[in-house]
Amino acid sequence: MLEILNLSKSYRKTLAVDDVSFTVPDGQVGILMGPNGAGKSTIIKSIAGLLRYDGAISIQGIPSRELAAKRIFGYVPEIPALFDALTVREHIEYIRRAYQSDVTDEEVETILRRFELYDKQDKLGNELSKGMMQKVSICCALSIKPRVILLDEPMVGLDPQAIKELKEVVLELRGQGVTVLLSTHMLEMVNELWDVVFIMDQGHIVATYTRKEAGDQDLDAIFFGTTDRERAEGRPADRGPAETAERGHEG
């Protein structure tokens with residue numbers, strides 16, 4: 001489970017995220033979406049431990065800053081950052097050792113083959129294309145067998161086969177009880193994946209929908225229906241139909 005409680009973050013005098021709370025339960029895929037500048041990146045970087053913030057974030061009930069939480073948390077950033085002088089396989093070995101992962105060599109080989117990196121595992125980080133770097137980043141996150149995983153625009157730069165494989169991996173993780181939070185603008189790519197969606201605007205969660213409550217609506221319809229209403233009313237929406245929508249996020 002991933003739990004964010006009363007998260008706020010300011011950059012000097014600008015309040016980027018204002019008292020945001022939401023939860024993604026075990027075995028569910030949450031989608032975080034919103035227009036540019038809504039505060040998504042700030043929330044993602046806070047969860048990943050890249051920013052200081054006010055509030056609390058927990059991973060499987062463990063405060064996210066604790067080592068025990070970090071060891072079960074996987075993160076795929078929007079822009080992959082690899083070491084120039086490490087090979088593809090050495091990146092995974094580095095992560096395995098840093099996280100004291102019990103993933104086996106056979107499991108690593110399976111991950112590499114799934115993302116068509118097995119025959120490229122000796123390539124250096126500075127020899128890889130953007131798409132290949134993204135694949136390596138995904139493989140590294142999977143190599144720790146995370147209980148919670150955060151994917152930030154993970155499909156950008158991937159070829160169609162890798163996108164298909166990543167979707168299958170997300171569904172497999174959900175089936176294994178892993179918590180998945182995915183931030184993306186490519187809504188059509190994740191229509192079949194999500195269980196709960198959180199829509200951000202102006203630093204707030206303005207609507208929360210479960211798949212059951214959304215009915216036949218796809219993510220495009222949910223997103224534009226919510227944001228169009230926001231613009232028409234000139235304020236954050238009171239709440240989505242989900243019982244889990246947080247009133248404390250309203251402006």
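Which strands does helix H1 (residues 40–47) lie across, and at what angle does the helix run to E1? Helix H1 lies across strand E1 (2–11), E2 and E4, and its direction is at about 120 degrees to E1. Angles of this kind run from 0 to 180 degrees between N-to-C directions, and axes are lines fitted to C-alpha atoms, for helices over the stretch in contact. Helices (H or I, at least four residues) and strands (E, at least two) are DSSP runs, numbered from the N terminus.

This is a predicted model, in which local features need pLDDT of at least 70, side-chain atom pairs count only at pLDDT 80 or more, and totals for chains, interfaces and linings use all residues. Residues are numbered from 1 along each chain as its sequence is written, and side-chain values use heavy atoms, with hydrogens and water left out.

**The four-stranded sheet**

Four strands form an open sheet with antiparallel pairing, in the order E2-E1-E4-E5. Two strands pair if DSSP finds at least two bridges between them. At the edges stand strand E2 (14–24) and strand E5 (62–63); each has a single partner strand, so one side of each is left without a neighbour in the sheet.

Within this sheet, E1 and E4 pair over five bridges in the antiparallel sense. Strand E4 (residues 54–59) is also paired with E5, again in the antiparallel sense, over two bridges. E4 and E5 form a hairpin with two residues between them, and Gln60 in the turn has a positive phi of about 55 degrees.

**The six-stranded sheet**

A further open sheet has six strands in the order E6-E7-E8-E3-E9-E10, and here the pairing is mixed. Its edges are strand E6 (73–76) and strand E10 (204–210), each with a single partner strand, so one side of each is left without a neighbour in the sheet. On average, and with direction ignored, neighbouring strands of this sheet are turned by 15 degrees against each other.

Strand E3 (residues 29–33) pairs with strand E9 (residues 196–201) in the parallel sense over four bridges. Helix H1 comes back into the picture here: H1 lies across E3, E6, E7, strand E8 (179–183) and E9, and runs at about 135 degrees to E3.

| Residue | Opposite residue | Strand of the opposite residue |
|---|---|---|
| Ser58 | Pro63 | E5 |
| Met33 | Ile199 | E9 |

**Helices H3 and H4**

Helix H3 (residues 88–98) packs with helix H4 (residues 105–114) at an angle of about 135 degrees, and their axes are 12 Å apart. That makes H3 oblique to H4; angles under 35 degrees count as roughly parallel, over 145 as roughly antiparallel, 65 to 115 as roughly perpendicular and the rest as oblique. H3 passes H4 in a right-handed crossing, the term for a near helix turned clockwise from the far one by less than a right angle, while anticlockwise is left-handed.

On the H3 side the contact (heavy atoms within 4.5 Å) is made by Val88, Arg89, Ile92, Glu93 and Arg96, and on the H4 side by Asp105, Val108, Glu109 and Leu112. These residues divide into four nonpolar, no polar and five charged. Ala, Val, Leu, Ile, Met, Phe, Trp, Tyr, Cys and Pro count as nonpolar, Asp, Glu, Lys and Arg as charged, and the others, Gly among them, as polar.

Ser143 is in the loop between helix H5 (130–142) and strand E7 (148–152). Its relative accessibility is 0%, so Ser143 counts as buried. Buried means under 20% relative accessible area, exposed over 50%, and partly exposed in between (1.4 Å probe, protein chains only). Beyond its neighbours within four places in sequence, Ser143 is in contact with Ile92, Ile95, Arg96, Ser101, Val103 and Ile111.

Arg147 is also in the loop between H5 and E7, but at 30% relative accessibility Arg147 counts as partly exposed. Not counting residues up to four places away in sequence, Arg147 touches Gln60, Ile72, Gln176, Gly177, Val178 and Thr179.

Ala162 belongs to helix H6 (residues 160–175) and is buried, with a relative accessible area of 4%. Leaving aside neighbours within four places in sequence, Ala162 is in contact with Phe115 and Lys135. The C-alpha atoms of Ala162 and Lys135 are separated by 7.8 Å, although the two are 27 residues apart along the chain.
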